[in-house]
Amino acid sequence: MNTKLNLWKSTSRLLVLMLCLLGFSQMAFAQRPGDRQKLESAKIAHITEKLSLTPEVAQQFWPVYNQIKEKERELRKQEMEMRRNEANNTMTDAEAEQALAKFFELKEQQLALEKDAAEQYQDVLSPKQVVQLFKAEAEFHRMVLQKFSERRKGGRPPQ
């Protein structure tokens with residue numbers, strides 16, 4: 001029975017790894033419809049593989065993860081809007097002080113969200129897996145940037 005379990009684990013890990021590699025080979029920064037989905041699928045496969053998520057844990061983890069990521073996207077969107085609005089050099093000192101206060105308030109909200117996320121993740125994952133999650137996300141981000149950079153250096157635009 002133990003050998004069947006080990007065989008199943010190694011087979012499922014191999015499948016996840018293959019899906020991850022397939023996703024990387026086809027991702028292209030959402031330049032066409034469906035590419036964002038491919039990138040997201042590759043990210044899911046990468047994180048699932050790095051954290052060795054079982055189907056049961058994955059079923060509990062991904063809704064929490066997606067909810068937190070949506071909150072992060074909203075905070076980043078607010079930050080980008082703020083930066084865009086304050087990009088001109090015609091600000092008064094008072095307006096600049098307000099902009100700085102708003103900027104740091106957003107950074108505090110982002111940090112609070114990261115702390116809250118770590119707590120929520122620990123409802124489903126072990127503390128070690130939470131650390132691995134943060135590492136896997138950073139690793140995935142670096143791989144995507146590297147892939148994009150390689151495509152640009154090769155003279156081909158991202159597909």
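**View 1. Buried positions on helix α5.** The buried residues here (under 20% relative accessible area, 1.4 Å probe, protein chains only) are Q129, V130, L133, A136, E137, F140, V144 and R151. The model is predicted, so local features need pLDDT of at least 70 and side-chain atom pairs count only at pLDDT 80 or more, while totals for chains, interfaces and linings use all residues. Numbering starts from 1 along each chain as its sequence is written, and side-chain values use heavy atoms, with hydrogens and water left out. Helix α5 covers residues 127-153. Its 27 residues should span 39 Å at 1.5 Å a residue, and the end C-alpha atoms are 39 Å apart, so the two agree. The expected span is 1.5 Å times one less than the number of residues. An α-helix has 3.6 residues a turn, so residues three or four places apart point the same way.

**View 2. Helix α4 and its buried residues.** A99, L106, Q110, L113, A117, A118 and Y121 are the buried residues of α4. They pack against α3 and α5; contact means heavy atoms within 4.5 Å. The 29 residues of α4 should span 42 Å at 1.5 Å a residue. The end C-alpha atoms of α4 are 42 Å apart, which agrees.

**View 3. Helix α3 beside helix α4.** Helix α3 is residues 55-85 and helix α4 is residues 93-121. Their axes come within 10 Å and cross at roughly 175°. Axes are lines fitted to C-alpha atoms, for helices over the stretch in contact, and angles run from 0 to 180 degrees between N-to-C directions. The two helices are therefore roughly antiparallel (an angle over 145 degrees). Their contact holds 12 nonpolar, 5 polar and 8 charged residues. Ala, Val, Leu, Ile, Met, Phe, Trp, Tyr, Cys and Pro count as nonpolar, Asp, Glu, Lys and Arg as charged, and the others, Gly among them, as polar.

**View 4. S52 in the loop between α2 and α3.** Helix α2 spans 35-51. S52 has a phi near 50°, a positive value in a residue other than glycine.

View 5. Helices (H or I, at least four residues) and strands (E, at least two) are DSSP runs, numbered from the N terminus. Buried residues make up 27% of the 159 residues.

Note on methods
Buried means under 20% relative accessible area, exposed over 50%, partly exposed in between (1.4 Å probe, protein chains only). Angles under 35 degrees count as roughly parallel, over 145 as roughly antiparallel, 65 to 115 as roughly perpendicular and the rest as oblique.
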